[in-house]
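Dear colleague,

Please find the structure below, handed over for your own use. My notes on what was found in it follow directly after.

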Amino acid sequence: MSPTATAWRAGWSRGLIELRQSFTNGADLFGHFLWPVLMLVTTYFLRNVSFGQSGLSLGALALPGILGMNAGMSMVSMSQHLTADREDGTLLRAKATPHGMTGYLLGKIILVAGGLVADLAIFLVPGMFLVPGLAFGDAGAWLTVLWVLVLGLVATLPLGAVLGSVFVSARSQGLIQLPVLGLIAISGIFYPITALPEWVQWIAQAFPVYWLGLGMRSALLPDAAAAVEIGASWRPVETAGVLVAWAVLGLLTAPFLLRRMARGESGSSVAARREKALQRI
Amino acid sequence: MTTSEVVLDVEGLRMRYGPADVLHDVTFRARRGEVVCLLGPNGAGKTTTIEILEGFRMRSAGRVEVLGTDPARGGEDWRARVGVVLQSWRDHGKWRVRELLEHLGRYYAAYATETVARPWRADRLIAAVGLTEQAEHKIRTLSGGQRRRFDVAVGLVGRPELVFLDEPTAGLDPVARRAFHELVLELAAEGDTTILLTTHDLAEAEKLADRIMVLDGGRIVADGTVAQLAHQIAGEDEVRWTRDGQRFARSATESTRLVFDLFKRYGEEIEDLEVRRASLEDTYLSLVRQAEEAAR
């Protein structure tokens, strides 16, 4: 087997090992359950609040949106993983191993994507019983969920890698969270976007989070619910277009930035960052 | 050291950060199977040198060849032949000892040859570094010394031709340090692996290295075996004697010669003769002092 093929296989098993680890220790399990449970509580309280004349409950509108939001959040978690791994030397270890970076990145993608699917299930399975009126029985609906999810990950994971290689410290990673949370607030996840001023709608439409939410709603809500969307349509073509555009942008820039970041890694750069981190405490 | 293949070849290496030169003109070679120690006070440029050789840092000027390749352009195949043990790793804390060693070994499987099996079997390596009892422990639960020995195991897992050890015993207690020294000596005894290690601990250098290079102020101020280094410094042996009830003391490089002359001249009049050899410590301190004075 060629070295590259070996590295791909090693990366695959690396992802699975880390995925297993993240479900067998307390801190990570807490992380996996916190958001889904918070979101379930939110959905529970929204389940009987109806939105305008649409006849739909806010809960039914929010649940698919939350799925989309979670998919978008995997960008943040990819970025955080990269930063943490750079800080503790995991990345340098990958660099010191032949084809180690290939294995490392593949492992990270499997870890983040696999973790996301698990998180979505933790939220979705109880959610299905909580909120009536969603098209869970329809195979076509699941197919749409699948393509939106896959395309969404292809769009957001490279972006996460870009952010992770640009923002060096764990502290600056915290700063990424703020704009992302702001973006989620204006992206029509918990409340239809058409209720917001038009200029805010334009900002939201520039980013993948809105489209991930829209795509999920298009899959799980009845067709009539499209009435509360922009242009009273699910706009699947635009959804795919925007996500593909972000995916291309991410895939074009991520390898370059990752390479640049990896080039700067050495024992003393890891040590210097730790020194700095310790001084802050 | 019957073969004379040059594994490390460094000529005129310079490193400059902004206006300051960290390395001025570092030149040395190491041959296959040699254990070479880069000794120097903190801030002498040891880590910078080793990081350039590891291919983790770009140099400002000079020629560097590691296993016949410029490390700045070393590809993955070159990487597979080099083992790296850094000053302190904290990575992979959630992984278990055997799990990570087996995982990292997989990347080297493609580099096995007919004569050299790669990687090392994880269990064998774990036993060699004395971590059999901890094989199933999570890495973050290892003590400082265990962690360091584990890092050496990782550095060796691909059976590298050349291993870099950067301050391998810094922060270890005496027992862990001794266990570590035994591990390095065992590896050196096999004679196939070239080892370059840095330390500011003279006793460690003396114990482990075939050859010591003293780096100070960005320059190699001495290069040789322990005996050669001790010899290199002038006037360091101290000779004391008594004659006619009077005490004498003199420093000399050629202490044997001095003693011979004394006896030739005074014969049995010489009493209480004492010759104190320059210790490597004296040599080292005097080297560093000289280098610092020259820099002023």
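The bridge partner of Leu39(B) in E7(B) is Thr199(B), while in E8(B) the residue opposite Leu39(B) is Val214(B). This is a predicted model, in which local features need pLDDT of at least 70 and side-chain atom pairs count only at pLDDT 80 or more, whereas totals for chains, interfaces and linings use all residues. Residues are numbered from 1 along each chain as its sequence is written, and chains are lettered from A and ligands numbered from 1 in the order in which they are written.

Leu39(B) belongs to strand E3 (residues 35–39) of chain B, where helices (H or I, at least four residues) and strands (E, at least two) are DSSP runs numbered from the N terminus. E3(B) runs parallel to strand E7 (residues 194–199) of chain B, with five bridges joining them, and it is also parallel to strand E8 (residues 211–216) of chain B, through four bridges; two strands are taken to pair if DSSP finds at least two bridges between them. Five of the five residues of E3(B) are buried, a residue being buried if 20 or more other C-beta atoms lie within 10 Å of its own, exposed if 12 or fewer, and partly exposed in between, with C-beta atoms placed from the backbone. In a regular strand the side chains alternate between the two faces of the sheet. Of the contacts in chain B with a separation of 6 or more, 67% are between residues 24 or more positions apart, a contact meaning that the C-beta atoms of two residues, placed from the backbone, lie within 7 Å.

Elsewhere in chain B, three strands form an open antiparallel sheet in the order E11-E10-E12, with strand E11 (246–252) and strand E12 (271–276) as its edges, each pairing on one side only. The twist averages 10° from one strand to the next; axes are lines fitted to C-alpha atoms, for helices over the stretch in contact, and angles run from 0 to 180 degrees between N-to-C directions. Strand E10 (residues 237–243) of chain B pairs with E11(B) over seven bridges, and Thr242(B) stands opposite Arg247(B) in E11(B). Helix H9 (residues 255–266) of chain B packs on this sheet and touches E10, E11 and E12 of chain B, its direction making about 15° with that of E10(B).

Between the chains, 27 residues of chain B are in contact with 26 residues of chain A. H3(B) gives the most to the side of chain B that touches chain A, with four residues. That side has 11 nonpolar, five polar and 11 charged residues, where Ala, Val, Leu, Ile, Met, Phe, Trp, Tyr, Cys and Pro count as nonpolar, Asp, Glu, Lys and Arg as charged, and the others, Gly among them, as polar.

In chain A, the axes of helix H6 (residues 139–166) and helix H9 (residues 208–220) come within 8 Å and cross at roughly 170°. That makes H6(A) roughly antiparallel to H9(A), since angles under 35 degrees count as roughly parallel, over 145 as roughly antiparallel, 65 to 115 as roughly perpendicular and the rest as oblique. The residues of this contact divide into nine nonpolar, five polar and no charged.

With kind regards
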